[in-house]
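Subject: The structure for you to look at

Hi there,

Here is the structure I promised to pass on. Have a look at it first, and then read on for what turned up.

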Amino acid sequence: MPKAQGNVRVLLVDDHPDTLELQAMVLRKHGYEVETAEDARTAMAIAQDKPLDLVISDIRLPDRDGFALMQDLKQAHGLQGIALTGSAQAEDRSRGAETGFVRYMVKPVPPEQLLDAIKALTSSRNG
C-alpha cells in the first residue's frame, strides 16, 4: 500500500514567495508535509537536517540553478524531484532527467496535475 499523503515529506523550492506559499498551502491541504526554501542554499540545509521523500523545485533560483540543486540532492540524499519551470525547451527536459528530475512540468501547473504527479512518484517509490 502506498504511503499515506500525511507521511510524504516534500521539499518545495521557489524564489517567488507568493508562488511558494500558494503551492505549499495546496500540498498541505492535501495532507503532505511540506518544507519550503526560496533558494538552493536553504534547500540544501533543510535536506541535511530533515528526512525528505521528494523535491519540487523551480529551475531558475537566485543562487544556483535547480538542475545543480537536484543533482546534489539526488547524490547526497537519494532524492528524486519534479521540476516546475517556465521553460519548455527539450534540452532543459533532457538535462532535468539527467540530474534527478523524474517529472518536468511547465508553469503554470494546475494543482491537480501537480498532485497527480506527486502521487504517481511516491506510490511507485513506496508502494
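To begin with a question: in which sense do strand β3 and strand β4 pair, and over how many bridges? β3, residues 54-58, and β4, residues 81-85, pair in the parallel sense, and 4 bridges link them. Please keep in mind that this is a predicted model.

Two places show how these strands line up. V55 sits opposite G81 of β4, and D58 has L84 in β4 as its bridge partner. On the β1 side, β3 is joined to β1 by 4 bridges, and the two run parallel. There, V10 has L54 of β3 as its bridge partner.

Now for the whole sheet. It is an open sheet of 5 strands in the order β2-β1-β3-β4-β5, with parallel pairing. At the edges are β2 (33-37) and β5 (101-106), each of which pairs on one side only. From one strand to the next, the twist averages 20°.

Two helices pack on this sheet. Helix α2 (residues 40-49) touches β1 (9-13) and β2, and its direction makes about 140° with that of β2. Helix α3 (residues 66-77) touches β1, β3, β4 and β5, with its direction at about 165° to that of β3.

Is β3 itself buried or exposed? It is mostly covered, with 5 of its 5 residues buried. In general, side chains in a regular strand alternate between the two faces of the sheet. In β3 both faces are covered: L54, I56 and D58 are buried on one side, and V55 and S57 are buried on the other.

The helices also meet each other. For α2 and α3, the angle is about 15° and the axes are 11 Å apart. Because angles under 35 degrees count as roughly parallel, α2 is roughly parallel to α3. The crossing of α2 past α3 is right-handed.

Which residues make that contact? From α2 they are A40, A43, M44, A47 and Q48, and from α3 they are L69, D72, L73 and H77. By type, the contact of α2 with α3 divides into 6 nonpolar residues, 2 polar and 1 charged.

Best wishes

Definitions and conventions. Residues numbered from 1 in each chain as written. Predicted model: local features only at pLDDT ≥ 70, side-chain atom pairs only at ≥ 80, totals over all residues. Heavy atoms only, no water. Pairing = 2+ DSSP bridges. Axes fitted to C-alpha atoms, helices over the stretch in contact; angles between N-to-C directions. Contact = heavy atoms within 4.5 Å. Parallel < 35°, antiparallel > 145°, perpendicular 65-115°, else oblique. Left-handed = near helix turned anticlockwise from the far one by under 90°. Nonpolar A, V, L, I, M, F, W, Y, C, P; charged D, E, K, R; others polar. Buried < 20%, exposed > 50% of the residue type's maximum accessible area, 1.4 Å probe, protein only.
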